[in-house]
Amino acid sequence: LMFNGLKISNSNDKAELFANSLEKTFSDSNDTMFDDDFKIKVNKSINNKEYEAIYKNKAIKLFSLKELDDQIKDLNNKLSTDAHNISNHVIKHLPTMFNLSILRLFNYCLLNNVMPQSWKTAEILMIEKKGDKHNPINYRPISSTPALAKLFERLIAMRLNKFLKEN
């Protein structure tokens with residue numbers, strides 16, 4: 001990588017260069033659509049815990065083993081592992097006993113409106129785009145999230161899509 005005419009070869013320096021580039025790209029400081037009043041309203045809404053009380057009083061339909069199995073069948077067959085060394089390939093070949101444990105975990109998350117903290121973290125990989133590979137602008141970020149988090153998100157998305165179609 002090159003930056004301001006200097007060759008960047010140290011891994012930490014490359015990471016810092018990409019971090020600065022991503023921060024500029026994904027910062028909301030340049031976004032005129034989201035003024036301070038809008039941000040205040042959003043933060044108030046997020047920090048308002050009333051919705052949690054309403055949510056807790058609703059009868060929530062738990063995920064079924066069939067729903068989980070259907071989503072597992074639809075996973076791609078990637079062999080690459082996440083930060084926890086779990087791959088879709090492994091999930092697809094787990095015995096039913098493990099799927100039941102996953103189902104219990106997912107239903108606990110659903111009922112209690114929580115997710116494991118480690119599922120909220122992504123590993124960012126920088127992938128070359130077309131152009132000069134020495135220019136940091138010619139890279140794009142890919143977020144690698146935990147396989148179980150993606151599976152849980154698929155179940156939520158399935159339910160959400162069903163709700164939107166019916167309503």
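Mentor: Let us begin with the word helix: here a helix is a DSSP run of H or I with at least four residues, numbered from the N terminus. Please keep in mind that the model is predicted. Lys66 and Asp70 both lie in helix α4, 4 residues apart, which is about one turn of the helix.

Trainee: What makes the pair Lys66 and Asp70 a salt bridge?
Mentor: The closest N and O atoms of Lys66 and Asp70 are 2.8 Å apart. The definition asks for a side-chain nitrogen of Lys or Arg within 4 Å of a carboxyl oxygen of Asp or Glu, so the pair qualifies. In general, side chains of opposite charge can pair when their charged atoms come close.

Trainee: Why does Asp70 count as partly exposed?
Mentor: Asp70 has a relative accessible area of 28%. That value lies between the cut-offs of 20% and 50%, and therefore the intermediate term applies.

Trainee: Which side chains meet in a salt bridge at 3.0 Å?
Mentor: Those of Glu67 and Arg159, with the distance taken from N to O. This pair links distant parts of the chain, for Glu67 is in helix α4 and Arg159 in helix α7 (residues 147-166), 92 residues apart. The structure holds 2 salt bridges.

Trainee: Is Glu67 buried or exposed?
Mentor: Glu67 is buried, because its relative accessible area of 13% is under 20%.

Trainee: How do you know that Asn88 is buried?
Mentor: The relative accessible area of Asn88 is 10%, and buried means under 20%, so the term holds. Asn88 lies in helix α5 (residues 88-92). Leaving aside residues up to four places away in sequence, Asn88 touches Leu75, Asn76, Lys78 and Ala147.

Trainee: What makes the approach of Asn88 and Asn76 a polar contact?
Mentor: Their side chains are joined at 2.8 Å.

Trainee: Where is confidence lowest, and where is it highest?
Mentor: It is lowest in helix α3 (residues 50-57), at a mean pLDDT of 66, and highest in helix α4 (residues 65-73), at 96. The protein averages a pLDDT of 86, and 90% of the residues score at least 70.

Notes: Residues numbered from 1 in each chain as written. Predicted model: local features only at pLDDT ≥ 70, side-chain atom pairs only at ≥ 80, totals over all residues. Heavy atoms only, no water. Helix = DSSP H or I, 4+ residues; strand = E, 2+ residues; numbered from the N terminus. Buried < 20%, exposed > 50% of the residue type's maximum accessible area, 1.4 Å probe, protein only. Polar contact = N/O pair within 3.5 Å; in protein donor to acceptor, adjacent residues only side chain to side chain. Contact = heavy atoms within 4.5 Å. pLDDT = per-residue confidence, 0-100.
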